Amino acid sequence: MSHEFRPGEVISYPYLWAWQQQRGETEGRKQRPVCVVIAIRSASDGNTHLALLGVTTQPPQTGRAALEIPEIERKRAGLSDLKQCWIMADEYNYDIVERSWYLEPDQDILGRFSKSFMVKIARLFAEARGRTGRVNRLD
């Protein structure tokens, strides 16, 4: 049975940071938790388009759009082994599930953020998209 990706889910993914892409890298260096912030199934071809936000244990640099993930949300997302982490909202990876080298339709999820925390993430993501528009395409 195929998994339908939904906003708020946290999965493992080889996230490519913008600074890595600027250096000419084309793939993320390691599997890391990411949050599905947008999941849209195209009516024209049936493919599932995802926008993925990276989670990091490194404190964000000044000026970056990031949210520290509270302990309860870390637990919900399957990240309770991390003492402190942030979700970066000013860059994202774009991938198409059915064409991806990195995603499987039956892929397990690590966990899921609450709806109220996802509202905060989505709001910050929308604000950051209006300012930076950074995207790392992996399709």
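In strand β3, T48, L50, L52, G54 and T56 point one way, H49, A51, L53 and V55 point the other way, and all are buried (buried meaning under 20% relative accessible area, exposed over 50% and partly exposed in between, with a 1.4 Å probe and protein chains only). The strand spans residues 48-56 and is mostly covered, with nine of its nine residues buried. Strands are DSSP runs of E of at least two residues, numbered from the N terminus. The model is predicted: local features need pLDDT of at least 70, side-chain atom pairs count only at pLDDT 80 or more, and totals for chains, interfaces and linings use all residues. Residues are numbered from 1 along each chain as its sequence is written, and side-chain values use heavy atoms, leaving out hydrogens and water.

Strand pairing requires at least two DSSP bridges between the two strands. Strand β2 (residues 32-41) runs antiparallel to β3 and is joined to β3 by seven bridges; V36 has L52 as its bridge partner in β3. Six residues separate β2 and β3 in a hairpin, and G46 in the turn has a positive phi of about 80°. Strand β6 (residues 91-96) is also antiparallel to β3, with four bridges, and D95 in β6 stands opposite L50. Two bridges pair β3 with strand β5 (residues 86-88) in the antiparallel sense, where W86 stands opposite T56.

Four aromatic pairs were found in a search of the whole structure. Rings of Phe, Tyr and Trp (its six-membered ring) pair if their centres lie within 6.5 Å; planes under 30 degrees apart count as stacked, over 60 as edge-to-face and the rest as tilted. Y15 and W17 form an edge-to-face pair, 4.5 Å centre to centre with 65° between the planes. Y15 is buried at a relative accessible area of 1%, and W17 counts as buried at 8%.
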